[in-house]
Amino acid sequence: MTVEQWLEWAVADAERRDLPGLKPLLEAFARSLRSLRDADFNDRADGTDDPHAER
Amino acid sequence: MAPTIPTLSVEAFGRKLRSGAIASRAVTEECLRRIHADIDAKNDGLNAFISVMADEAQSHARLADEELARGIDRGPLHGVPISVKDLVDIQGLPTTAASRVREGHVARRDAAVIGHLRQAGAVLVGKTNLHEFAFGTTSEESAFGAARNPHDTTRSPGGSSGGSAISVAAGMALASIGTDTGGSIRIPAAACGIVGLKPAFGEVSTEGVVPLSRTLDHVGPLTQSVTDAWLLYRALLGDHHPEALGSHSSGAAPNLRLAVLRRYFCELLDNEVRARFDEALERLRAAGAQIDETDIPHARDIAAVYVTLVCSDAAAYHAATLDRVPERYSEMVRARLEVGRYVLAEDLSRALHGREVLRREVNAALEGRDALVLPALAIPAPGLGAQSMQIGGSTEPVRNLMLRETQLFNLTGHPAISLPCGNTSEGLPCGLQLVGASGQTEALLRVALACETHLS
């Protein structure tokens, strides 16, 4: 699930639960999620995070 | 209430008590008088307390004096009036967490730290106001009304342990017990001009304390001095006859090796906070401290790691009541808790990994050094109601600014302490933060003691 998909899902669910006021907070949290996922300490299964791997 | 009313440190109280110059009853009565005066002042007061333990305090103060007269001395906290953040269980009293969600609650037993304080002979004067469920940095969102800064009542005392900080700064207690999940001891300590200690993670029991995040929660003291912080810290570990802090000190200022965390930690600072911080560093250098600079390479990932962890933990704790009694939460606290229910497991895992990376980087920064040094709070106490402010050429949320300097050390568990380091031109306190090696709270306090006289 991309961050964009997460945000769409979370906003839709919040609206379903009659919590439209969550949208700005969810948007702010989405920015944090992008930052978290983009962090270079994240490992990747294809090894693209390994600077020493031969490809 | 004017912050210039003379206040007594725990250490000074102990000397005067044992010399017969004062009695616990008299000092306790004065604390209770100030508390009641603040309550009676209503909207003109500081709103530091949620409940007052007047009868118990008077009874225990009398007992403390009688015991001392019979030669029973429980240690440095004997007869000392102390306040407790209303997140900590005291048997027979409600633990409100400043929330209507907890209406009707009565604690069945003392929290572990309260047991230690009772054994130490401390006199508990009351339970202090806080940001609801500790989930905020200003102590404004409280079912009992906003707490106010004793230096400027139009401003926040910081949070979430705002009432605790006020009680010490305004002489309503000689010390207080708070909690710190992202900075909630150190932030109000800096905002109110007192000392706030976050011990190393796991040292002080959180049993009987309402959690915000079990991954990040710490319990610690707010005091008027580093020596007082030491005395409270040792008491919270069950040591009621501690050695003097300075007795093994190799941390005299000329021997200190400190490293400033610049870059991320100094790029969004109020100009006067920056000035007081730099002046404090110069005073430490003049005293002989060796100060260089270091970095936390993944500092820009701190906030994302922190918010993912704290929101997940808080959402888990609050899920049932969010479903059952959502209307009892204050609006913004409820909203932040609800956001946490949307955190995916894969992102929580990323955050946990990020925490380990940051922990290694803080350890590396501390190599060969006695402590790291940085501001405790990036801005002076914000105005009540302020949601954002202009700083460094951009508009930033107040909450993010207030957490910026402190939350890293909740993630990594390193001990950290905030010390006063001067005031702004408007008389608002600024705080300097020292961070010690993992698990080495005592060593950090020796460093803080060596620095303290040069900062005041």
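How much space lies in the second largest cavity? About 30 Å³ of space lies in the second largest cavity, where a cavity is a set of points on a 1 Å grid over the protein atoms alone at which a 1.4 Å probe fits but cannot get out, and a volume is the space filled by probe spheres set on the points. The model is predicted, with local features needing pLDDT of at least 70 and side-chain atom pairs pLDDT 80 or more, while totals for chains, interfaces and linings use all residues. Residues are numbered from 1 along each chain, chains are lettered from A in the order in which they are written, and side-chain values use heavy atoms, leaving out hydrogens and water.

The search of the whole structure finds 2 cavities of 30 Å³ or more, whose lining residues have an atom within 4 Å of a point.

| Cavity | Volume | Lining by class |
|---|---|---|
| Largest cavity | about 70 Å³ | 5 nonpolar, 7 polar and 1 charged residues |
| Second largest cavity | about 30 Å³ | 5 nonpolar, 3 polar and 2 charged residues |

Of the 13 residues lining the largest cavity, B:Ala134, B:Gly136, B:Ser184, B:Tyr306 and B:Leu403 lie nearest its centre, whereas the lining of the second largest cavity includes B:Pro199, B:Phe201 and B:His218.

Turning to the interface, 26 residues of chain B are in contact with 22 residues of chain A, contact meaning heavy atoms within 4.5 Å. There are 3 salt bridges between chain B and chain A, a salt bridge being a side-chain nitrogen of Lys or Arg within 4 Å of a carboxyl oxygen of Asp or Glu. B:Glu338 forms a salt bridge with A:Arg17, with the closest N and O atoms 2.8 Å apart.

Methods. On a 1 Å grid over the protein atoms alone, a cavity is a set of points where a 1.4 Å probe fits but cannot get out, and a pocket is an open set with protein on both sides within 12 Å along at least five of seven lines; lining residues have an atom within 4 Å of a point. Ala, Val, Leu, Ile, Met, Phe, Trp, Tyr, Cys and Pro count as nonpolar, Asp, Glu, Lys and Arg as charged, and the others, Gly among them, as polar.
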